[in-house]
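Please keep the sequence and the structure in view while reading.

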Amino acid sequence: MALLSRKLTPETLLDIRTILLLITLTLICRAGVLVFVWRSAPEYRPLKPWAWGSMAVAMGALLISLREVTPPLASVIAGQGATLAGWLLIAGGIALAAQQPVPWRRAWIVLSAGWLGVAWFQYAHPDYGLRTLASTVPELAFDAYALLACLRARAGRAQRTLRVLGVLVFALMVSNMIKGVQALASNQTSVFEANLPTVQFFVFSLLYCIVTLALFVLLAAQDLQEK
């Protein structure tokens with residue numbers, strides 16, 4: 001526990017901003033590739049939410065990296081809103097790839113509740129830990145549904161790819177939970193008060209963005225082969 005709560009070097013402030021900017025650039029590139037594949041295979045439905053979701057999370061990561069530089073309305077409220085929307089779209093795309101129904105209306109209700117929680121714990125009752133919890137719970141809910149869809153998939157050639165994707169989604173959930181527990185259990189007041197749980201989450205998120213691009217394109221190719 002002492003290792004998990006240990007503060008890193010002062011340079012980690014810049015490191016986390018750098019990782020967030022790298023995530024932003026990676027997601028923009030991922031969105032561009034997915035749009036290109038979407039134009040080649042417009043009938044493959046998951047490509048659209050994956051592309052839009054990637055752009056939304058990219059915008060959210062960029063705004064979050066500007067915290068303590070721009071007003072909270074942009075860096076916290078808009079940043080978390082964009083991130084949650086993107087997270088939902090990507091998870092919905094995974095469910096579509098697994099040929100599972102997506103309860104969009106209920107998902108947007110969960111997103112709205114989380115976003116309102118972020119606003120409440122930013123302005124009405126400022127608390128970084130609870131604000132982190134308000135944004136983390138919807139993300140975990142979306143990922144849990146995506147994971148369940150991957151496990152239920154019976155999609156021919158894509159089944160094995162979806163199983164691999166499910167493992168990555170589960171790992172992301174664990175990483176996100178570790179970050180959330182750290183924010184609640186400590187006196188952390190900013191995402192830039194770097195500690196190992198926070199850093200590991202952002203580093204894993206960067207790797208997740210890169211690997212899932214390959215899996216998304218592979219799923220699209222497998223769908224074309226099936227047809």
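The model is predicted. Helix α3, residues 47-65, is built from 19 residues and spans 27 Å from its first C-alpha to its last, close to the 27 Å expected at 1.5 Å a residue. Of these 19 residues, 14 are buried, so α3 is largely enclosed by the rest of the structure. The points below turn to helix packing and then to the loops.

**Helices α5 and α6**

- Helix α5 covers residues 104-124, and its axis comes within 7 Å of the axis of α6, with a crossing angle of roughly 170 degrees.
- Angles over 145 degrees count as roughly antiparallel, and α5 is therefore roughly antiparallel to α6.
- The contact between α5 and α6 involves 9 nonpolar residues, 4 polar residues and 1 charged residue.
- On the α5 side, the contact residues are A107, V110, L111, G114, G117, V118, F121 and Q122.
- On the α6 side, their partners are L130, R131, A134, S135, P138 and F142.
- As background, an α-helix has 3.6 residues a turn, so residues three or four places apart point the same way.

**Helices α6 and α7**

- Helix α6 (residues 128-152) also packs against helix α7 (residues 158-185), at an angle of about 165 degrees and with the axes 9 Å apart.
- The helices α6 and α7 are therefore roughly antiparallel to each other.
- Their crossing, that of α6 and α7, is left-handed.
- In the contact of α6 with α7, 17 residues are nonpolar, 6 are polar and 4 are charged.

- As a general rule, most residues other than glycine have a negative phi.
- E68 is not a glycine, yet it has a positive phi of about 70 degrees.
- This residue, E68, lies in the loop between α3 and α4, the latter being residues 72-97.
- Is E68 buried or exposed? With a relative accessibility of 56%, E68 counts as exposed, because exposed means over 50%.
- Q99 is likewise a residue other than glycine with a positive phi, in this case near 60 degrees.
- Where is Q99 placed? Q99 belongs to the loop between α4 and α5.
- The relative accessibility of Q99 is 58%, so Q99 counts as exposed.

Methods. Residues are numbered from 1 along each chain as its sequence is written. This is a predicted model: local features need pLDDT of at least 70, side-chain atom pairs count only at pLDDT 80 or more; totals for chains, interfaces and linings use all residues. Side-chain values use heavy atoms; hydrogens and water are left out. Axes are lines fitted to C-alpha atoms, for helices over the stretch in contact, and angles run from 0 to 180 degrees between N-to-C directions. Helices (H or I, at least four residues) and strands (E, at least two) are DSSP runs, numbered from the N terminus. Angles under 35 degrees count as roughly parallel, over 145 as roughly antiparallel, 65 to 115 as roughly perpendicular and the rest as oblique. A crossing is left-handed if the near helix is turned anticlockwise from the far one by less than a right angle, and right-handed if clockwise. Ala, Val, Leu, Ile, Met, Phe, Trp, Tyr, Cys and Pro count as nonpolar, Asp, Glu, Lys and Arg as charged, and the others, Gly among them, as polar. The expected span of a helix is 1.5 Å times one less than its number of residues. Buried means under 20% relative accessible area, exposed over 50%, partly exposed in between (1.4 Å probe, protein chains only). Contact means heavy atoms within 4.5 Å.
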